[in-house]
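Hello,

Here is the structure I said I would pass on. My notes follow below it.

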Amino acid sequence: MLTVTPPAPSVAETAYRRIRSDIIFGRLAPGQKLKLEVLREAYGASVSTLRELLNRLASEGLIEAEGQKGFVVTPVSATNLQEIAAMRLLLEGHALAQSFEAGDMEWEGRVVAAHHKLAAMERRMLARSGAEPELWKRYDWEFHHALISACGSQVLLETHAAIYDKYLRYQMVAVIFRGAIAAEEHQMLLDCALKRDIAGATAVLARHVDGCVEHTLAGGTLPQDLAG
């Protein structure tokens with residue numbers, strides 16, 4: 001069988017992915033000014049290309065334009081976190097119900113495999129045998145995505161992914177890991193999935209997301225009102 005190698009991403013696409021990842025994982029801090037010359041050196045893209053990328057990221061809500069002053073990474077706030085969390089619950093809860101009804105054995109296999117990796121990483125973090133926050137959150141995303149992957153709507157999956165990334169940024173900025181509680185909730189979500197328990201999964205998901213928001217707000221690291 002002939003294997004077709006996909007084309008390598010362009011310089012622009014590579015720079016876009018790197019900048020986006022650096023925003024989501026907090027390497028570019030909320031409120032940080034994005035100077036084109038500094039970005040050109042860091043990401044290896046031309047100034048004109050960077051302007052296009054920054055406009056693209058602004059349309060996603062990850063950065064904000066400051067009139068003629070340039071761009072800044074979108075600030076964080078308690079209010080914004082609560083709004084994003086509510087939207088995540090709305091989208092993910094609906095997708096869970098659709099996915100549980102339509103999921104087949106292949107779907108079950110994806111869910112079990114994704115949970116296996118996430119649970120192993122959570123055990124390592126609980127044992128303090130090495131923290132890898134980006135890998136942990138990748139496994140967390142893969143598990144939650146697997147749960148809803150049989151929902152039958154690509155638009156729903158794409159919209160949920162965009163909201164999840166904004167939610168993830170708060171987790172990385174606030175360094176959130178709720179330990180055994182989060183791991184237990186993931187196990188309960190797996191159990192509900194295998195039993196097709198939509199009501200149970202929806203309740204667990206609500207506790208999971210609301211608990212994360214409460215944990216973040218209790219830390220007192222976020223301003224109460226949206227900046228700007």
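Of the 228 residues in the protein, 42% are buried. Please keep in mind that this is a predicted model. The accessible surface amounts to about 12,000 Å², and carbon and sulfur atoms hold 57% of that area.

On the overall fold, there are nine helices and three strands. Starting at the N terminus, the order of the elements is α-β-α-α-β-β-α-α-α-α-α-α. The radius of gyration is 19 Å, close to the 17 Å that the globule rule gives for 228 residues, so the protein is as compact as a globular protein of that length. The C-alpha trace spans about 55 × 55 × 35 Å along the principal axes. Among contacts with a separation of 6 or more, 75% are between residues 24 or more positions apart.

Next, the charges. The protein carries 24 positive and 28 negative side chains, and the centres of these two sets are 5 Å apart. Side chains of opposite charge can pair when their charged atoms come close. How many salt bridges does a search of the whole structure find? The count is 14.

Lysine 33 and glutamate 66 form a salt bridge through their side chains, at 3.1 Å from N to O. This pair connects distant parts of the chain, 33 residues apart: lysine 33 belongs to strand S1 (residues 33-34), while glutamate 66 sits in the loop between strand S2 (63-65) and strand S3 (71-73). Glutamate 66 has 29% relative accessibility, so it counts as partly exposed.

Glutamate 108 and arginine 196 also meet in a salt bridge, with an N to O distance of 2.8 Å. Here too distant parts of the chain are linked, 88 residues apart: glutamate 108 is in helix H5 (residues 105-126), and arginine 196 is in the loop between helix H8 (180-195) and helix H9 (198-219). Are these two partners buried or exposed? Glutamate 108 is buried, because its relative accessible area is 19% and the limit for buried is under 20%. Arginine 196, at 27% relative accessibility, is partly exposed.

Aspartate 140 pairs with lysine 137, their closest N and O atoms lying 3.2 Å apart. Both residues are in helix H6 (residues 133-148), three residues apart, which is about one turn of the helix. Aspartate 140 and lysine 137 are both buried.

Regards

Terms used
Residues are numbered from 1 along each chain as its sequence is written. This is a predicted model: local features need pLDDT of at least 70, side-chain atom pairs count only at pLDDT 80 or more; totals for chains, interfaces and linings use all residues. Side-chain values use heavy atoms; hydrogens and water are left out. A salt bridge is a side-chain nitrogen of Lys or Arg within 4 Å of a carboxyl oxygen of Asp or Glu. Helices (H or I, at least four residues) and strands (E, at least two) are DSSP runs, numbered from the N terminus. Buried means under 20% relative accessible area, exposed over 50%, partly exposed in between (1.4 Å probe, protein chains only). The radius of gyration is taken over C-alpha atoms; the globule rule is 2.2 Å times the number of residues to the power 0.38. Contact means heavy atoms within 4.5 Å. Accessible areas come from the Shrake-Rupley method with a 1.4 Å probe; for residues, only the protein chains shown count as cover. Lys and Arg count as positive and Asp and Glu as negative; His and the chain ends are not counted. The place of a charge is taken as NZ of Lys, CZ of Arg, CG of Asp or CD of Glu.
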